[in-house]
2 protein chains.
Amino acid sequence: MAVRLAYPWVIHSERGPSVDIATRVYNHKWKIDPIVRSLIDTDFYKLLMCQSVFRNKPDTQVTFSLINRTMRIPLARIIDEGELREQLDHIRSLRLSRGESTWLRGNTFYGKRQMFRPDFMEWFEGLQLPPYHLERRDDQYELTFEGNWPEVMLWEIPALAVLMELRSRAVLHDMRRFELQVLYARAMTRVWEKIERLRGIDGLTIADFGTRRRHSFLWQDWCVQAMIEGLGAKFTGTSNCLIAMRREVEAIGTNAHELPMVYSALAETDTELARAPYDVLSDWHEEHDGNLRIILPDTYGTKGFLDRAPDWLAGWTGIRIDSGDPAEGAETAISWWKDRGENPTDKRIIFSDGLDVDKIAELHARFSGRAKISFGWGTLLTNDFRGLVPDDGLAPFSLVCKAVSANGHPTVKLSDNPEKAMGPADEVARYKRVFGVGRQTSYAVEV
Amino acid sequence: MAVRLAYPWVIHSERGPSVDIATRVYNHKWKIDPIVRSLIDTDFYKLLMCQSVFRNKPDTQVTFSLINRTMRIPLARIIDEGELREQLDHIRSLRLSRGESTWLRGNTFYGKRQMFRPDFMEWFEGLQLPPYHLERRDDQYELTFEGNWPEVMLWEIPALAVLMELRSRAVLHDMRRFELQVLYARAMTRVWEKIERLRGIDGLTIADFGTRRRHSFLWQDWCVQAMIEGLGAKFTGTSNCLIAMRREVEAIGTNAHELPMVYSALAETDTELARAPYDVLSDWHEEHDGNLRIILPDTYGTKGFLDRAPDWLAGWTGIRIDSGDPAEGAETAISWWKDRGENPTDKRIIFSDGLDVDKIAELHARFSGRAKISFGWGTLLTNDFRGLVPDDGLAPFSLVCKAVSANGHPTVKLSDNPEKAMGPADEVARYKRVFGVGRQTSYAVEV
């Protein structure tokens, strides 16, 4: 073998230049470094839902608003308004790139080619995100987006990612280079130890759902790569389209609360309101089959939603449990399938709320064999820096960006956890009555 | 501020491209990557001693030999002979570069300019290291170097560094990329936690002495940079000339056992032998002053050496404790200075044997204020991967490369620890008699 010199100390890797995260963060100190650099640096289900909305409700006027559920984090004191505007402006300068469009048009999602229809792709290729409205209110920012639903909805993930990462950068700003490197060394070790525990769980199926509250883009990208190596076939993919494309893994996701929330806000009578969540799934049923037919039942209470569901819904592939006690939610779903004459072992249950390794191991042990079990692991995969800096300044917190109104009507979310409820009090009361939701148990919303 | 784009994900830093160590190690799997890339990737004291030898004993014929004191590590089974030869051949292809020569000629060492004389520099600029002799003997390598002392002596550090790093690479070879990254994350965290402890010690003075048994070059370079950031003025520099040059810190070192060992082997009578260690220091005294006048007393027993030392030696700046019980060695030195009418608080004691943070803290607490205290921290700074891979395959071990003969006479080392003794039994007995060394306490030699 010949001696091939490698002066100077330049790094090579199989997939292009490698990234030293600590150095990168260090560099944030002296230049503006865009956080979101692609319109597909977003969750896959946003694009699926966007296509559905583009087809079914393209002209609905919606308002999305940023809500910091962890008020003790004074975002407006931590994050500079000028920097925030620069990042948001940068997102508005983004257009779908040729390579991204090719990937979306040519890729197979859940075994299906041409998941995205030509008319949607043409629209997406011409898309610029609409203007934003930013105001400081005391120690928080009021950040809202108004316009046509298909455009406005695509602000959710990049807006959250920008806020989360600007907060990380602000906290890291005064740390020195090796302090930073050791901080990331500790965080990497922690993620790896979690992966090593998950590796020991037979039959595990898990995906990354951590885009929206990630520590940073590069960190999420690192976590995904670590999962690829550490978990092999147990890791089924990521919700992040850009990372899925770059790392050549599956893009994962189905649908979210915004569909029933907006459909419900548009309902003109209580009868229409009661039917709205099923209308959503009826539209979805027409568009998708197989693994994309996943019920998200908790927007207005899981129990009542399932009790009143039409029979065709019991034929769907699975259910996603995103609030309340996850074991209770899964038991409810299993009973419901049995009542409707379905075999739960043919069904998939996806857990996606506030997961970490202990809870994953516990839920897997309890439900494995009783149904097909998957996990969508979010914030505590891509943002577990708890205890790593003074005053726990990098601990994750609960930031959301939600549809708050549709065609002038406020939206409402009840969820299986009253701590996650949203909407004006009178509307919340009306929805509780229409959907028959009684007293609910509270669960702390940490992430 | 303008948004400056930084596509693609390329890394910038103040001092050139940054190094992702794990990626680098990963890359070792498919190409030969030279370990020693410069003739000054060596300890500073080798160059100081080389200049002294070049002036005083240029024609002495010496043999240096590699000795693995940790026989349970079967180096020849771990390291491929072909790869070892390629690395050694590469070292023979090295010449002093223009920039390195400029740095040696122009730099200030211990406050003195032109530490290296023009005739020595001219010789060094033309130097190619002499041939090596490599044979496998069972599970160990017999690696020897023969020729003129000034040339042969410069093989010691690169030969050790090559063996140590090939062993690291062999152990890491089957690890995957993120496993490697997490391994380094853990090692970084460990070094940083040591640095944080050292930061808390008031008045500490510490240098890196870890070249010869480092895990790898890049790792030593990382450790030095971490010390620069983490310890500030408490970190006084590194023994490694290349790293001192690149990182702009002091090159540190004075002299070592090879001088008294070779001088002693050349002695023709017992009287000459008894005087030989003092002849070394007499030659050194003529060449150097100030901080370079550091006594290394333990080659043939510290106690007797100091008792029989001429008075001018008590006027030297300090002493280096490199074997035996370090506290006992320091107490011996302090008493000796007092006996000779010197004030120990004006003197420097340098500890350099098998140090780690606990021992450093303990010695500092005990001797601080009684003398000027410094630490030369070696293997457990630059090679503490204990417990980080299965079977502890990266634990440091005791590899040395020593002068074993001079002009055909075997060399002898007694040290203050019989475990570190070297030489034929009859010669060891003769030296013990001549230097009045009685029973010695054994200390385990770990690193």
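Modeller: Two strands are said to pair if DSSP finds at least two bridges between them. The model is a predicted one. In chain A, six strands form an open sheet in the order β7-β6-β11-β10-β9-β8, and their pairing is parallel. The edges of this sheet are held by β7 (235-238) and β8 (294-295) of chain A; each has a single partner strand, so one side of each is left without a neighbour in the sheet. A:Ile294 has A:Gly318 as its bridge partner in β9(A).

An unreviewed UniProt entry places "domain: Nicotinate/nicotinamide phosphoribosyltransferase" at residues 206-438 of chain A. That span is 42% helix and 14% strand, and its end C-alpha atoms are 33 Å apart. The feature "domain: Nicotinate phosphoribosyltransferase N-terminal", likewise from an unreviewed UniProt entry, is placed at residues 40-163 of chain A. Here the end C-alpha atoms lie 18 Å apart, and the composition is 47% helix and 22% strand.

Helix packing in chain A may be taken next. Helix α2 (residues 44-56) of chain A packs with helix α12 (residues 258-266) of chain A at an angle of about 25 degrees, the axes being 11 Å apart. That angle makes α2(A) roughly parallel to α12(A). On the α2(A) side the contact is made by A:Lys46, A:Met49, A:Val53 and A:Asn56, which meet A:Glu258, A:Leu259 and A:Tyr263 of α12(A). Sorted by class, the contact of α2(A) with α12(A) comprises four nonpolar, one polar and two charged residues.

In chain B, the sheet to examine is an open one of five strands, ordered β4-β5-β1-β12-β13, with antiparallel pairing. Its edge strands are β4 (132-137) and β13 (409-410) of chain B; as each has a single partner strand, one side of each is left without a neighbour in the sheet. Strand β4(B) runs antiparallel to strand β5 (residues 140-148) of chain B, and six bridges join the two. The bridge partner of B:His133 in β5(B) is B:Thr144. Across β1 (61-68), β12 (399-406) and β13 of chain B lies helix α12 (residues 258-266) of chain B, which runs at about 25 degrees to β12(B).

Two helix pairs of chain B complete the account. In one, helix α5 (residues 98-106) of chain B and helix α6 (residues 118-125) of chain B pack at an angle of about 165 degrees, with 11 Å between their axes. α5(B) is therefore roughly antiparallel to α6(B), since angles over 145 degrees are classed in that way. The crossing of α5(B) and α6(B) is right-handed. From α5(B), B:Ser101, B:Leu104 and B:Arg105 take part in the contact, and from α6(B), B:Pro118, B:Met121, B:Glu122, B:Phe124 and B:Glu125. Of the residues in this contact of α5(B) with α6(B), four are nonpolar, one is polar and three are charged.

The loop between β3 (112-113) and α6 of chain B holds B:Arg117. Residues up to four places away in sequence aside, B:Arg117 touches B:Gln51, B:Phe54, B:Arg55 and B:Glu287. B:Arg117 and B:Trp312 are separated by 195 residues in sequence and by 25 Å in space, C-alpha to C-alpha.

In the other pair, helix α9 (residues 177-199) of chain B packs with helix α17 (residues 357-367) of chain B at an angle of about 10 degrees, their axes 10 Å apart. α9(B) is therefore roughly parallel to α17(B). B:Lys194, B:Arg197 and B:Leu198 of α9(B) meet B:Val357, B:Asp358, B:Ile360 and B:Ala361 of α17(B). The contact of α9(B) with α17(B) contains four nonpolar, no polar and three charged residues.

Note on methods:
Residues are numbered from 1 along each chain as its sequence is written. Chains are lettered from A and ligands numbered from 1 in the order in which they are written. This is a predicted model: local features need pLDDT of at least 70, side-chain atom pairs count only at pLDDT 80 or more; totals for chains, interfaces and linings use all residues. Side-chain values use heavy atoms; hydrogens and water are left out. Axes are lines fitted to C-alpha atoms, for helices over the stretch in contact, and angles run from 0 to 180 degrees between N-to-C directions. Helices (H or I, at least four residues) and strands (E, at least two) are DSSP runs, numbered from the N terminus. Angles under 35 degrees count as roughly parallel, over 145 as roughly antiparallel, 65 to 115 as roughly perpendicular and the rest as oblique. A crossing is left-handed if the near helix is turned anticlockwise from the far one by less than a right angle, and right-handed if clockwise. Contact means heavy atoms within 4.5 Å. Ala, Val, Leu, Ile, Met, Phe, Trp, Tyr, Cys and Pro count as nonpolar, Asp, Glu, Lys and Arg as charged, and the others, Gly among them, as polar. UniProt positions are given in the numbering used here, feature names are shortened, and annotations may be inferred rather than shown by experiment.
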